[in-house]
Amino acid sequence: MKFENIGDLRVLVETARGGSLTAAARVLEVTPAAASAMLKRLEAQLGTRLFERSTRAMRLTPQGQTLSESGALRGTLRVAVPSDLGRSVLLPWLDAFAQRHPGVHIALSVSDRVQDVRRDAVDLALRYGAQAADSQLVARPLYTAERVACATPGYLGRHGAPAHPLELARHNCITLHIGGRRELRWRFEGAGESVEVAVDGDRSVDDGAIARDWALAGAGIVYKSALDLRAYLRDGRLVPVLPGWQGQRYVLHAVLPSNRFVPARVRALVDHLAACFEALAGEDRAAASG
């Protein structure tokens, strides 16, 4: 299709990248009213709406996605990830994706608060655990994680190491607030039994990265995903306290707003992360067999 004014296409691209006509106008050095007129002119020429307007942001329609993503990937990717997973595992993977696709802007939200994918205008969220059935969402499993109870060698030297999960009750346990509730019961399986132990301690937090930092400082025992703690367990800064006991297992999912139309840049990032997690799982299998 021949466009009457190629500058109108720039409004499409910059509005998608910045999330608003005001942001696009700033980049294009025109007034918001002029940017709005350019977008309306483009939509009139194409005979279709290119954006869904809301008070919070403007999101591309499927037709707008198709037009803006012809050729190289471009546009904004709004990604929500758990705090410790984002800092400890995902950052280099996201950097590699950004270098491969320079037209994509990654807007990263790092928080252990479970965001509403649709309400918060998130393109992709990574979430641990079972996902509730919702016809408006699609969840793709990426990795099976296992929680591990661990502490520093210094803490264990001062307080001793528990030989059984029930002995955790006499230790200072760093607890997490998950879904608005403080998690005071830790689950383990091993030696032919399943154990749930009540724990407590002088520190609790709703941010997994802070819980990890407290454990690294020798403040107590933490119980969280071994995936998040991978580097610290490998170099010995943290030590598993119950070898032979398996912590709670759960699946990490990529959660998308809908499976009816997924922008190419979102599909590309999910595929990239899936490949990275598969490589990580391959390392786990090699380590277990070796």
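**Questions and answers on a predicted model**

Biologist: Which residues of helix α2 (residues 21-28) are buried?

Modeller: Please keep in mind that this is a predicted model. An α-helix has 3.6 residues a turn, so residues three or four places apart point the same way. To count as buried, a residue must have under 20% relative accessible area. In α2, the buried residues are L21, A23, A24, A25 and L28.

Biologist: Is K40 buried or exposed?

Modeller: K40 is part of helix α3, which covers residues 32-46. Its relative accessible area is 53%. The cut-off for this class is over 50%, so K40 counts as exposed.

Biologist: How far apart in space are K40 and L50?

Modeller: Along the sequence, 10 residues separate K40 from L50. Taken from C-alpha to C-alpha, the distance in space is 9.2 Å.

Biologist: How many bridges join β9 to β10?

Modeller: Strand β9 takes in residues 185-190 and runs antiparallel to β10. The number of bridges joining β9 to β10 is six.

Biologist: How many disulfides does a search of the whole structure find?

Modeller: A disulfide is a covalent bond between the sulfur atoms of two cysteines. C150 is buried, at 0% relative accessibility, and C173 is also buried, with a relative accessible area of 0%. As for disulfides, the search of the whole structure finds zero.

Biologist: What share of the protein's 290 residues is buried?

Modeller: The protein is made up of nine helices and 15 strands. It exposes about 14,500 Å², and carbon and sulfur atoms supply 52% of that area. Of the 290 residues, the buried share is 46%.

Biologist: Which residue forms a salt bridge with D84?

Modeller: Side chains of opposite charge can pair when their charged atoms come close. The search of the whole structure finds 17 salt bridges. In this one the closest N and O atoms are 2.6 Å apart, and the partner of D84 is R212.

Biologist: How many residues apart are D84 and R212?

Modeller: D84 sits in helix α5 (residues 83-100) and R212 in helix α7 (residues 208-216). Both residues are buried. The pair links distant parts of the chain, and the separation is 128 residues.

Biologist: Which strands are linked by the salt bridge between R249 and E146?

Modeller: The side chains of these two residues meet at 3.4 Å, N to O. R249 is partly exposed at 46% relative accessibility, and E146 is partly exposed at 26%. The residues are 103 apart, in strands β15 (residues 249-256) and β6 (residues 138-151).

Biologist: Which residues are joined with R212 into one network of salt bridges?

Modeller: R212 is buried, with a relative accessible area of 7%. It also forms a salt bridge with D213, at 2.6 Å between the closest N and O atoms, and D213 is partly exposed at 40%. Through shared partners, the network joins R212 with D84, D213, K224 and D228.

Biologist: Which element gives the largest share of the largest nonpolar core?

Modeller: This core has 30 residues, and L90, L124, L126, Y143 and F277 touch the most other members. The elements giving two or more residues are β3 (75-81), α5, β5 (124-128), β6, β15 and α9 (264-289). The largest share is nine residues, and it comes from α9.

Biologist: Which residues does F277 touch, leaving aside those up to four places away in sequence?

Modeller: F277 is one of the residues that touch the most other members of the largest nonpolar core. Beyond its sequence neighbours, F277 touches L90, W93, L142, Y143, L227 and L252.

Definitions and conventions: Residues are numbered from 1 along each chain as its sequence is written. This is a predicted model: local features need pLDDT of at least 70, side-chain atom pairs count only at pLDDT 80 or more; totals for chains, interfaces and linings use all residues. Side-chain values use heavy atoms; hydrogens and water are left out. Two strands pair if DSSP finds at least two bridges between them. Helices (H or I, at least four residues) and strands (E, at least two) are DSSP runs, numbered from the N terminus. Buried means under 20% relative accessible area, exposed over 50%, partly exposed in between (1.4 Å probe, protein chains only). A disulfide is a pair of cysteine sulfur atoms within 2.5 Å. Accessible areas come from the Shrake-Rupley method with a 1.4 Å probe; for residues, only the protein chains shown count as cover. A salt bridge is a side-chain nitrogen of Lys or Arg within 4 Å of a carboxyl oxygen of Asp or Glu. A nonpolar core is a set of buried Ala, Val, Leu, Ile, Met, Phe, Trp, Tyr and Cys residues joined through side-chain atoms within 4.5 Å. Contact means heavy atoms within 4.5 Å.
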